[in-house]
Amino acid sequence: MSNLTGTWVLDPAHTSIAFIARHAMVTKVRGTFDEFEATVVVDEANPANDSAVAVIKTASVHTGNADRDGHVRGDDFFAVEKFPEMTFAATSFNLHGDGSTVTGDLTIKDVTKPVTLDVEIFGVEEDPFGNTRVGFEANTKINRKDFGVDFQAPLASGGVLVSEQITIQIDGSGIKQA
């Protein structure tokens, strides 16, 4: 996709970084992170120069329930006092139409694992304020236990309270830097 070349910074007012976990094997719980920074560099002439780095403040997690938020911020999950940030650093890009992906290293609780985000780019447009924006969605699934997030409570049925598989969804708007 042409016109992606440049340095892009995620706009927190128009970006959502969210996760979904299955709860008690019968429903889904969703959460978001309110504090994050991310910069993406795309060089269509020389893709070896492409990069992306994101830093998410773990204490900014919100699930819509204060008690659950406290639990998720605690040692059973994110241990925000010890691990105040999670990070993503891209290692490869494939931004060519259908099947676009960004692969990189995700670090949660000082555990780093490779993940691949499936990316859909919606286009580039100038907004009424003179900003050039790119809109996109990026999704992946991880096993939270791979990152040391291993709290579990068994259910009488043999199931578990919180799924190991977590879906990560990013609805993003990036602003091109001058």
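Predicted model: local features only at pLDDT ≥ 70, side-chain atom pairs only at ≥ 80, totals over all residues.
1. Which residues does Val124 contact, leaving aside its neighbours within four places in sequence? They are Asn3, Leu4, Trp8, Thr132, Arg133 and Val134.

2. Next, the nonpolar core. The largest one has 41 residues, and those with the most contacts inside it include Phe33, Phe78 and Phe88. Strand E9 supplies the largest share of this core, 5 residues. As general background, nonpolar side chains in soluble globular proteins tend to be buried together.

3. Phe88 is worth a look in the viewer. Not counting residues up to four places away in sequence, Phe88 touches Ala52, Val53, Ala54, Val102, Thr103, Gly104, Asp105, Leu106, Val115 and Leu117.

4. Now to the rings: there are 3 aromatic pairs. One of them joins Phe19 and Phe33 in a tilted arrangement, 5.7 Å centre to centre with 45° between the planes. Phe19 belongs to strand E2 (residues 16-23) and Phe33 to strand E3 (residues 27-33), so this pair ties together parts 14 residues apart in sequence. Phe19 is buried, at 12% relative accessible area, and Phe33 is buried too, at 6%.

5. Phe33 also pairs with Phe78: the ring centres are 5.6 Å apart and the planes lie at 65°, so the pair is edge-to-face. Because Phe78 lies in the loop between helix H1 (66-73) and strand E7 (85-94), while Phe33 is in strand E3, the pair ties together parts 45 residues apart in sequence.

Technical notes. Residues numbered from 1 in each chain as written. Heavy atoms only, no water. Contact = heavy atoms within 4.5 Å. Core = buried A, V, L, I, M, F, W, Y, C linked by side-chain atoms within 4.5 Å. Buried < 20%, exposed > 50% of the residue type's maximum accessible area, 1.4 Å probe, protein only. Helix = DSSP H or I, 4+ residues; strand = E, 2+ residues; numbered from the N terminus. Phe/Tyr/Trp six-rings, centres within 6.5 Å; stacked < 30°, edge-to-face > 60°.
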